[in-house]
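Thanks for passing this one along. Here are my notes, in numbered points, to read beside the sequence and the model.

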Amino acid sequence: MQGRYNEGIHFLKDTKKHWIQGEWLVIHTYWHLALFYLRMREYDKVLKLYDSCLDSSELALDVVDCASLLWRLKLHGVDVEHRWENLRKTAEQFFETHVTTFNDAHFMMVLCGSGDKSGQNAFLKRLQERDTNGIIDANGVNLTRTPFNIAITNKLCEAIHMFSNLQYAESLDLLMQVKQF
């Protein structure tokens, strides 16, 4: 970011007729627009974009964008509590997929943001079980992560869990361990 938020907003608005036609990145582009507004602390505009444009998809990429935006709003002190539960219901279909560290971290944000303690614990347990026992899909492909990914994913998700539960020092310790990778 270069601090050119107004330019970014105008660019995205001026080119909307082009990017609105895309299937996969429309919500992601709205997410970028929301980030510009967030940086300008125009929270009402961020929430309006979230409610009207972002919170309307069931694609994993879009759930990740929504989680990222709600988490940022929460860190800014904006009340987004009721939005987390709706997002949790949408994201639920992905909680056992464990495809990427990136997705898992955002799905943990959803569980933490919605206050789903049992869901958080089950998610962390599934990560451990999956990485201990391994996963073989129907085609015989080993979906077990590499030791590198196991360490990062588990520590990152645990750090998010701890942060959400106000265990800031413990969360920071885990994040510093992830940084070393």
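1. Let me start with a glycine. G115 sits in the loop that links α7 (101–113) to α8 (117–133); helices here are DSSP runs of H or I with at least four residues, strands are runs of E with at least two, and both are numbered from the N terminus. Coming just after α7, G115 has a positive phi of about 75°.

2. A word on the source before going further. This is a predicted model, in which local features need pLDDT of at least 70 and side-chain atom pairs count only at pLDDT 80 or more, while totals for chains, interfaces and linings use all residues. Residues are numbered from 1 along each chain as its sequence is written, and side-chain values use heavy atoms, with hydrogens and water left out.

3. Is G115 buried, exposed or partly exposed? G115 counts as partly exposed because its relative accessibility is 43%; buried means under 20% relative accessible area, exposed means over 50%, and partly exposed lies in between (1.4 Å probe, protein chains only). The C-alpha of G115 lies 8.4 Å from that of E85, although 30 residues separate the two along the chain.

4. α7 has 13 residues and spans 18 Å from its first C-alpha to its last, close to the expected 18 Å at 1.5 Å a residue; the expected span is 1.5 Å times one less than the number of residues. Twelve of the 13 residues in α7 are buried, leaving the helix mostly covered. Among the buried ones are D104, H106, F107, M108 and M109.

5. H98 belongs to the loop between α6 (81–91) and α7. H98 is buried because its relative accessible area is 3%. What does the side chain of H98 make a polar contact with? Its partner is the side chain of D104, at 3.1 Å; a polar contact is a pair of N or O atoms within 3.5 Å, where, within protein, one must be able to donate a hydrogen and the other to accept it, and residues adjacent in sequence count only if both atoms are side-chain atoms. The H98 side chain also reaches the backbone oxygen of F95, at 3.3 Å. D104 is itself one of the buried residues of α7.

6. Finally, the whole chain. The protein chain has ten helices and zero strands. Of its 181 residues, 45% are buried. For contacts (heavy atoms within 4.5 Å) between residues at least 6 apart in sequence, 60% join residues at least 24 apart.
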